[in-house]
Amino acid sequence: MSESAPVLTMSGISKRFGTTRALEDVSLILYPGEVHAVVGENGAGKSTLIKIMTGIYSADRGSMTLAGQKVSVSNSAEAQLLGIAAIYQEPLIFPDLSVAENIFIGHQDRGRIVNWDAMNDEAALLLAKLDLDIDPQILAASLTVASQQGVEIAKAISLDVRVLIMDEPTASLSAHEVNRLFQQVRSLRESGVAILFIGHRLEEVFEIADRITVLRDGRHISTTPTNEVTEEVLIQEMVGRDVSDFFIRTEHPIGERVLKVRSLGRQGVFEDVSFEVGEGEILGFAGLVGAGRTDVALALFGVAPADTGSIEVDGVSVRLNSPRDALALGIAYLSEDRRRLGLSVPQSVTANVTMATLKRYTSSIGLLDSIAERDDARGLVEKLRILTPSLSTPVAQLSGGNQQKTMLAKWLNVNPRILILDEPTRGIDVGAKADVHQFIDDLARSGIAIVLISSDLPEVLAMSDRVVAMREGQIRGIFGRDQATQERVMTAAVGTA
Amino acid sequence: MSDWLSRHRWEAVLLVVLVVTIIGNAALSPFYLGFGNFINLFWLSIEKIIVVVAMAFVIINGEIDLSVASVMGFSAAVMASMQVSGDIPFLLAVVFGILAGALAGLVQGLLIARIGLPSLVVTLAGLIGFRGAARVILEDRSIGDFPEWFDRLGQQPLLGPIPLALIIFFAILAVAWVVLERGSFGRKVYIIGNSADVARYSGIGVSGVKLRLFIVSGLTAGLAGVLFAARLGSVRGSLAEFFELDIITMVLLGGVSIFGGSGTMFGVVLAVFTVLNIRNGLGLANVDGIMQTGVVGLLLLGSVLVPNLIERRRTRLPAPEP
Amino acid sequence: MRKRMRLAALLAAVALVAAACGSAAEDTTTTTTTTEQDTTTTSAGVEVGGPVVIEAAESISALFLPKCTNIPVFPQANSGAEEAAAELGSDPASFVGPADCGDSTGQIEFMANAVTQGVGAIMVSNNAGDELAPSAQAAADAGIPVVSWDSPIPSAEGESVFVAQVDFDDTGVVMADMALEILGAGGGEFAILSATPEAANQNAWIAAMESALVEDDKYADLVLVDTVFGNDVAEDSVTQALALADQYPNLGLIMAPTTVGIVAAAQAMTQEGLCDQVKVSGLGLPDEMREYSLSGCAPVFALWDFVDLGYLTYYVAYGIATGQIEAAEGVVFEAGRMGMYTITADPTRDSGLRVLMGPFTVYTVDNIGG
Amino acid sequence: MKVSPATGMNRGSGRLRRMKPERVKELTLIGIISLSVVTFGFLIENYLSGRFFNRVITSVVIVGILAAGQALVIITRNIDLSVGSATGVAAYLTGDFLAANTSTGPLVAAVIAILVGSTLGAFNGLLVAYGRIPAIIVTLGTLALFRTMLSLYSGGQNITADTLPDWVLQFNQVTVVSFGDFDIRLVSLVAVLTGLGLHWALARLRWGRRLYAIGSNPEAAKQAGLPEQRLVFWAFVGSGAFAGLAGFMFMARIGTISATAGAGLELESVAAAVVGGVSIFGGAGTILGALLGASLIKTLELSLVRLPQVSEFWRDAVLGILILVGVLIDLALQRRLSRRPIAAARSDSGSSPPVTVGEHSRASEGAPDE
């Protein structure tokens, strides 16, 4: 760790979105030549923090000091000029440009005329420095995500960054690729760059970070040198409350096995996934982002069908090639990505609630029974305690928690037999979270088989009858309710020890 | 009311423009306020506005159909050529003409919905290609001599002073309005227009909806082409040339987003009424055709620019004016 | 209405006297008028005798509807109409029209609006075929005379009378004569560059020319090798003209019966240095053709005077609208400075009436000016 | 372990991978052009001649220049439908200026035309880049607006050849160098040089590369701090400038300019660019490709004109099919070469995208409420 002066100091940063408190008085110091990991649960405020650093958001309060000078950043171009660059889990590349161009396109200082040869040579040099075997003249579109990320790092180096923010860069990478990435990170560190590393896999954080900062619910919890902290402590700090804070799944009988999955696999994504879910059972899926849980769900929902293995519903082998197939069998999937895949936000609450069940309200001449629609929507709005001015209010005007509930209402309206919930409480406030947990329990009671995917470990543990731990596309353990402890599940999911 | 206003700001603006237009026209031209003129005002553009209704669906769905005017010409050409060949009853030729439009829509729809080509390019090719097909069929002929009942339907009032095409327009409009606002299909069109992914994840058959839309668009254009032939009493290869611009203009003016997902039939109807009234007013004021085109062009630009500017002001001002 | 008719008749009677010592009628009309000077009876039951001198009566509102407003010949025609209106003490007709020539829909709109406005007369140069007929009929039903000019309504439905610039059969002969003049007695190959394949005027003229070629032996050596269309778009016309020159190595002449086509063809030949081999002729505006006429590329071409056409048209429409003349076969009238004309059956159409203006002005380097 | 299928390893055959898709596309186009020339050579007498070569390279000038400008805009994920009107305005105003100042030389005239075009382009650019109105709406509006303004300005009067300086009519004919019958005309040279200049600028200038970047991924462009608004604005100015140059060429080619000059060129230019491999979704394609696309269309058009078996009436139909084929080839090439999920990467296409699969969702953590 460096003794030198801090390169970047964030002090007393606060940021609110409407009623949601994203960051509250957070301070952070980055030294040149260190890898500083920021960890925390989803919604802890990590993304907001880096968005403030790169000028995408402006802080409500607090200040940012770069190399001793107070700075304000209002867009990412300014951030770049100041030597702050960011790399995201999904690389922001230009697919139609070559690798070399992707690296140099944002440069202001390279003259008006592009010297292709020099640029290619320089790019090759940069890539070689990072030990990346990428042809600089190739189109970026044809690279793997890992290579695209390498290109982004090369770009950051080329910009002479002083602070490099890496936002879950390993999320989409294989173990081998992660190793390569870490080599690159280390060589960057050696050249004196301060690296802000945001990661979910604690194993990786311990491997790469010099210091670790924990954020929780928008607050700064701790900053500790890596060698002075253990995984257990870290998890405790991240979760911050006892598992007993959560709604606990009540005991109840589990009925017939409705869904049986045998050796399900999809080339390069997940393999040999087998499990069963019974009526009224909640099967939790724990694991890190990128462990392949969503991909299994998408295979069950027919979006991205599996290429090996079998799926049985009620003992009958089925083929699921589209969401329509899945819905016809009573399988519903609540997506983790509310805005892109879950809701039609300019539409009314009613329209969103009935979106997946239009057929039910359609008369023989194709008209919608709007009274029945509104009745059902009203029922669900009341049941789920969705706060909305009216049933015809566009969903875009609701808060995140109420949007999430609306999405849940949409799937409940399907009357599913099997409900897959993917991060059902991500990014919503505590109150809404408790509501959602209550509903999940009610649903299970009513006999629905539930697959609960969540990166929120305490949530999984509290809610599930059994817990599946996934890592790198494979199931690493299935734990009964009494065996499922934080440590055991985390160990299986993170892969240490 | 304020709830309605907040969500239908554009319709409100159009309503004001329409009322101002009507008052202005009435003040400026003594001939404007007459029943005959109101019939005329619709009748003179009836084929265009029939297609406008279908186009509204296509654009709300996030696509575009540039080929409609050419398909109108194509359908009329098919009908006319069959009439000339004389082997089949004329009524059948009319049916085939309309079906030719649907077929044109089907071909384009397959390329868009199933193969995934962008509709802008496919229908641009259709715009050129189906016009070409009409010319191939008719060459330099101008085909008239349709049975008298056909001409009469096209040119004479059917119910009192109201001609058939007007009845068809209002019937289509009523159906379309109900389907878009109250129908399952209309709901799907909106959802897909917002996000095809959300629709797919909700079990909606996206490509099926798109395919049907383009068939309907072709069918409507076919019907409009045949109606136009009846009104004109004869068909040439250039029938309805360049109508697509007016048609798209009216839809966009109605507040339908070119990116899909938003817009209402009410807005489109208001835009249709506004454009027709402005054109009528300008016509009665003896304003030249090219000026009328320019005014509509300005209206199109203004219709998007003004709300954009208002939006920007609103975001800056703390409290919006009621 | 009846009162007005009677007044008109009275005026007509006065005019008769004036006509007797009036200007000499033109050759084209005098031949036909002599036998038609019998007294006729109008539908109103008022006796009208002999040639009527159309004179200032009440002011009328009218629509002077061109194919489009963008081609110079139409504003020219309008200036003639304005001149006539001024002479007759009437308001000038409103000169509006569609943006595109060929836009019959636009013309229909203008006609319908004119009917709504209750104008006294509609003067229209028909853009298309019979598409305009229903609108003309509607106008006629509303008691508004529809006088076509430049380009008639083929079926003559709803049309009172067509003011023809020239006899369409004459056009064929004039074009054949010009071809003969350019290609010489020895004949040679020539091609036609027309407007659109659907243009009624051009098609009639071409047909007339083709039959002239067949009927008269002196044209025996003129070989029409091809007819192509430039869509009255300059760029397309240039392309087509050049393609003709390339395709027919022995081509000696391009005959373009359209003012857009002839200029484009002349420009194309000039540009490519082909004027020595391929001459250009047809119907062209002297202003636009002057350059090529002087260069010898287009040694001879023809056109009628559009100002006169507009002038005559207005007189006819005004006469009918004010009840001074009736749109009936055999009616003879005097139209201001242009003299005496007779309404006859239109020999180029199955039905319909015609006033023949004529004659062509044939332009050569001698009379083109500049 | 997880590899997104969208971006998974794709080691295709080495050389093809190394070759940029646009190179492949350009070579394909050259291949198709050569093939069609050879084919027509067998079908048409006197086809393979210097004359035909001269025809193609002079007639492609206007569309080629417009296609280059159009490509410039399409590359940024926009479209310019007003180029036809802008061409007409530039041609008319330049002609008008020349008629009043006959001593003006070609260079000054060209500069005037380009300035006029740029001004109109700047108007479009202002509304698109800073007014945040979709380009298709803006240029649909200005398509009408520019034409109306020109029509009002012209008052229906044409600019005629005899009022223009003598050099104008000769301009198209000026030959820089001849190889036997094959002429290299100045106009073609200018078009090719400006086209290649733009090609070079887009390939080699920072400005040009950034246009590609914006079209390729607007979000990444914003992230990289590229001045998106300014670049898009200048792309429209560029398109306008090229339309201005095309207007100058139009004036020189046609000699007589009406207020409808250049109508319809907008679609031709889009067609040429698309056939030339410029992706309608932006980010991909070259000016050379657009020029080749224009050449292919013109070659086919001029050849079809001369093929007696193919009637006049088939040309549009063939052109429509050609565009579709061009787009299909483009799609196939893209899917083959980069195997990227075209529709998914560009959700605005609205076509059915293969949904990107994975647990990564950008910035969904702590997403603020709206």
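Accessible area is computed here by the Shrake-Rupley method with a 1.4 Å probe. In this predicted model, chain D exposes about 13,000 Å². Carbon and sulfur atoms supply 66% of that area. Chain D has 370 residues, and 65% of them count as buried. Its secondary structure comprises 15 helices and two strands. Contacts in chain D were also sorted by sequence separation. Among those with a separation of 6 or more, 77% join residues 24 or more positions apart.

Chain A carries a positive surface patch. Four arginines form the patch: A:R16, A:R21, A:R61 and A:R219. One of them, A:R61, lies in strand β4, which covers residues 61-66 of chain A. The relative accessible area of A:R61 is 52%. A:R61 therefore counts as exposed, because the cut-off for that class is over 50%.

A:I29 sits in strand β2, residues 20-30. Its relative accessible area is 33%, so A:I29 is classed as partly exposed. Beyond residues up to four places away in sequence, A:I29 touches A:P6, A:L8, A:T9, A:E34, A:H36 and A:R211. A:T485 lies 456 residues from A:I29 in sequence. In space, their C-alpha atoms are 34 Å apart.

A:T54 belongs to a loop of chain A, between α1 (46-53) and β4. Is A:T54 buried or exposed? Its relative accessibility is 3%, so A:T54 counts as buried; the limit for that class is under 20%. Neighbours within four places in sequence are again set aside. A:T54 is then in contact with A:V73, A:N75, A:S76, A:A79, A:I84, A:A86, A:Y88 and A:I165.

Backbone angles were examined next. Most residues other than glycine have a negative phi. A:E472 is in the loop between β19 (466-471) and β20 (474-480) of chain A. With a relative accessible area of 31%, A:E472 is partly exposed.

Chain B supplies another example. Phi of B:F242 is near 70°, a positive value in a residue other than glycine. B:F242 is also found in a loop. That loop of chain B runs between α12 (206-232) and α13 (243-253).

Notes:
Residues are numbered from 1 along each chain as its sequence is written. Chains are lettered from A and ligands numbered from 1 in the order in which they are written. This is a predicted model: local features need pLDDT of at least 70, side-chain atom pairs count only at pLDDT 80 or more; totals for chains, interfaces and linings use all residues. Side-chain values use heavy atoms; hydrogens and water are left out. Helices (H or I, at least four residues) and strands (E, at least two) are DSSP runs, numbered from the N terminus. Buried means under 20% relative accessible area, exposed over 50%, partly exposed in between (1.4 Å probe, protein chains only). Contact means heavy atoms within 4.5 Å. Patches are made of residues with over 30% relative accessible area and no salt bridge: like charges are joined within 9 Å, nonpolar side chains (Val, Leu, Ile, Met, Phe, Trp, Tyr) within 5 Å. A salt bridge is a side-chain nitrogen of Lys or Arg within 4 Å of a carboxyl oxygen of Asp or Glu. Lys and Arg count as positive and Asp and Glu as negative; His and the chain ends are not counted. The place of a charge is taken as NZ of Lys, CZ of Arg, CG of Asp or CD of Glu.
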